[in-house]
Amino acid sequence: MESAEQVQQPARHRRITAAMVAERAGVSVATVSLVANGKTAGRVSEDNISRVRDAIAELGYVVDGIGSSLARGVSSIVILVAPDISNPFFAKVIAGVRESLGPSYQLLLSVTDSGEFPKAADVRKLMSLRPAGLLVDAPNADFLEDLSVAGPLVLLDAPGMESFAPAVNLDVASGARELAAHLAGAGHRRVAYLDSVTGTTTFTLRRDAFLSEAAARGMAVDSADVRSTTIDVGAAAAAFADAWPDWQRNGITAVVCATDTHAYGVLQEARVAGVKIPEELAVAGFDDLPYSATSSPGLTSVHLPATPLGLKAGEQLRRLMEGRALEPTDLTLESSLVVRGSTLAGR
């Protein structure tokens with residue numbers, strides 16, 4: 001027999017079901033479902049609608065939207081797979097995706113620990129939720145081949161992966177070449193590169209495009225002067241502290257970082273070590289995060305349109321989920337170099 005405390009337990013501590021609402025309102029469970037899902041027109045009387053709504057308010061009933069969607073064979077969930085969510089760039093991408101999807105879809109993030117790449121097997125487990133669509137940010141070919149899922153799929157920042165699915169890409173190579181031209185024009189001849197350990201294709205492309213253009217413009221970047229670390233300010237600072245003695249002996253006068261976050265770590269450690277920026281060492285990055293305009297000195301960076309990337313990818317996925325055609329199937333958003341004081345004295 002239940003104790004008095006159990007009998008008087010507030011309803012909010014229990015899971016309220018449609019059956020409980022039906023009993024309170026004196027109607028069928030089917031009627032509760034029609035009212036809760038806004039499908040009463042010509043099917044439920046005004047009196048019953050009122051009674052069900054009163055019961056819902058009294059009991060605090062919440063419709064299990066995901067469960068209802070699953071019963072129909074597909075959910076309203078959109079899954080965004082992203083490597084290394086610690087990168088602040090992704091916050092703006094996510095904001096763009098969220099805006100483009102609107103209130104009709106729920107955005108679920110599948111992310112990894114810092115420096116790790118998503119595993120296809122982990123993503124496939126999420127497919128049991130029967131998502132309406134899938135977005136994959138900065139994948140590589142091995143991941144996509146292993147993933148092999150059906151349903152609407154759009155790739156973000158996935159250069160060279162267009163054969164797998166529709167993609168919205170960033171022209172990172174163009175920005176990388178602009179950066180190499182800028183540093184060569186400023187007189188730099190020996191340059192270092194601080195890369196990301198994530199191993200995604202977008203980082204390979206920006207590094208290779210920069211190194212190729214640097215070589216074409218007479219700048220040397222030895223393999224020993226290319227280092228890698230996670231996308232973290234502290235980790236980048238430590239990597240720079242370790243590399244700087246060798247870089248200094250090798251005559252390095254500029255370091256290009258795979259992300260602005262790496263560059264912030266370099267700037268931080270350079271101040272500690274008494275390295276003058278840009279007189280002794282020019283520093284540049286990729287992403288053009290908001291802080292780059294206000295750091296001291298301001299950070300030269302390749303601007304990559306993060307929010308438009310999310311917006312366009314979300315728009316493309318919505319078209320697929322709603323059965324509409326894509327025109328075109330592949331989009332590329334322009335990058336641009338923003339020159340600030342970290343590479344140009346007096347700015």
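**View 1. Leu-281 and its contacts in a predicted model.** Beyond its neighbours within four places in sequence, Leu-281 is in contact with Phe-240, Trp-244, Ile-252, Thr-253, Ala-254, Val-255, Val-275, Lys-276 and Ser-342. Contact means heavy atoms within 4.5 Å. This is a predicted model: local features need pLDDT of at least 70, side-chain atom pairs count only at pLDDT 80 or more, and totals for chains, interfaces and linings use all residues. Residues are numbered from 1 along each chain as its sequence is written, and side-chain values use heavy atoms, with hydrogens and water left out.

**View 2. The largest nonpolar core.** This core has 68 residues. Leu-135, Leu-179, Phe-210, Val-255, Leu-281 and Val-283 touch the most other members. Helix 9 (residues 172-185) gives the largest share, seven residues. A nonpolar core is a set of buried Ala, Val, Leu, Ile, Met, Phe, Trp, Tyr and Cys residues joined through side-chain atoms within 4.5 Å; buried means under 20% relative accessible area (1.4 Å probe, protein chains only). Another core, of 17 residues, lies apart and includes Val-81, Phe-143, Leu-144 and Ala-158.

View 3. Six strands follow the order 2-1-3-4-5-11, with parallel pairing. Strands pair if DSSP finds at least two bridges between them. Strand 2 (106-111) and strand 11 (330-333) are the edges, each pairing on one side only. Helices (H or I, at least four residues) and strands (E, at least two) are DSSP runs, numbered from the N terminus.

**View 4. Strands 5 and 11.** Four bridges join strand 5 (residues 167-170) to strand 11, and the two run parallel. Ala-167 has Asp-330 in strand 11 as its bridge partner.

Terms used:
Buried means under 20% relative accessible area, exposed over 50%, partly exposed in between (1.4 Å probe, protein chains only).
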